[in-house]
Amino acid sequence: MPTYRYVFADVFTDTPLTGNQLAVFTDARGLDAETMQALALEIGFSETVFVLPPEQGGTARIRIFNPAYEMKFAGHPTLGAAFVLGGPLQRGVVELETGAGTVPVALERDESGRIVFGRMTQPVPRVEEVEPADAVLAAIGAQRSTLPIELYDNGARHIVVTLGDVGELGALARDGAAIAALEITGVNAIARTEGGWRNRMLWEHGEDPATGSAAGPIACHLARHGLIEWGEEIVIAQGVEMGRPSTLHARAEGGDGLIDAVEVGGAAVLVARGEFRL
């Protein structure tokens, strides 16, 4: 009976039982896509990663599944997989081949050698106008956006809505069917806080406690519209309303409305190990 080992990690946090949950199957050779999808549904986390041998010169290839379908790219699975693989491989940089290209993750260690932080260079997103904007606002129960509502596609498709304050974030009401009709990964409603920014990522089936694939686009959006400087690192709090607080760091390089590079960072902690016998 084949055995497939997995690791559970909490990502974009340094505290167990907070952040965004992730399962990583460290050797997925022998698993077909149908079984990977079934395992992702069985576990029930927002995403599950399956590690495979590299095909394009990277450290490893990863396939990312949510409970319903495979994803080209997602942030917290990429960062979490780098933490899981970086320890035994003893690498400073882990290059992960995703459906949206190879994503390098630079790992920082403390004096004991434990990985404490990772920074991934994300795919540069394509920016699209969103029409009609009123449909997006209605889908999340918002009244207005202080910046244009735009979609950023980096392998995941994220809409960014900018609200006036954190109080407006707390009053949002998700309409799952309306969000599904937008054919996106999620709607990200952001607001400025005293220490940075707060995000709520709403999608058709619920809310996400930490969305690494959205953090980079959020930094791009704020820089493109002049609320932060290009190259400025922002700190995004997410998952607060869900009781799973997360902290994401994001930075966008560019100018004249063009995005040159995107970097997203955060911590992760490994919380469990186990195996499936299939």
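A residue is called buried when its relative accessible area is under 20%. With that in hand, welcome to these close-ups of a predicted model.

**View 1. Y6 meets F276.** This is one of seven aromatic pairs in the structure. The two ring centres sit 5.5 Å apart with planes at 55°, so the pair is tilted.

View 2. F50 comes from strand 3 (residues 47-52) and F65 from strand 4 (residues 60-65), 15 residues apart. Both of these residues, F50 and F65, are buried.

**View 3. R29 meets D27.** Now for one of the 19 salt bridges found in the whole structure. The closest N and O atoms of R29 and D27 are 2.8 Å apart. R29 is exposed at 54% relative accessible area, while D27 is partly exposed at 33%.

**View 4. E168 meets R144.** In this salt bridge, the closest N and O atoms are 3.7 Å apart. E168 lies in helix 4 (residues 166-170) and R144 in the loop between helix 3 (133-140) and strand 10 (150-153), so the bridge ties together parts 24 residues apart in sequence. E168 is partly exposed at 25%, and R144 is partly exposed at 45%.

Methods:
Residues are numbered from 1 along each chain as its sequence is written. This is a predicted model: local features need pLDDT of at least 70, side-chain atom pairs count only at pLDDT 80 or more; totals for chains, interfaces and linings use all residues. Side-chain values use heavy atoms; hydrogens and water are left out. Rings of Phe, Tyr and Trp (its six-membered ring) pair if their centres lie within 6.5 Å; planes under 30 degrees apart count as stacked, over 60 as edge-to-face and the rest as tilted. Helices (H or I, at least four residues) and strands (E, at least two) are DSSP runs, numbered from the N terminus. Buried means under 20% relative accessible area, exposed over 50%, partly exposed in between (1.4 Å probe, protein chains only). A salt bridge is a side-chain nitrogen of Lys or Arg within 4 Å of a carboxyl oxygen of Asp or Glu.
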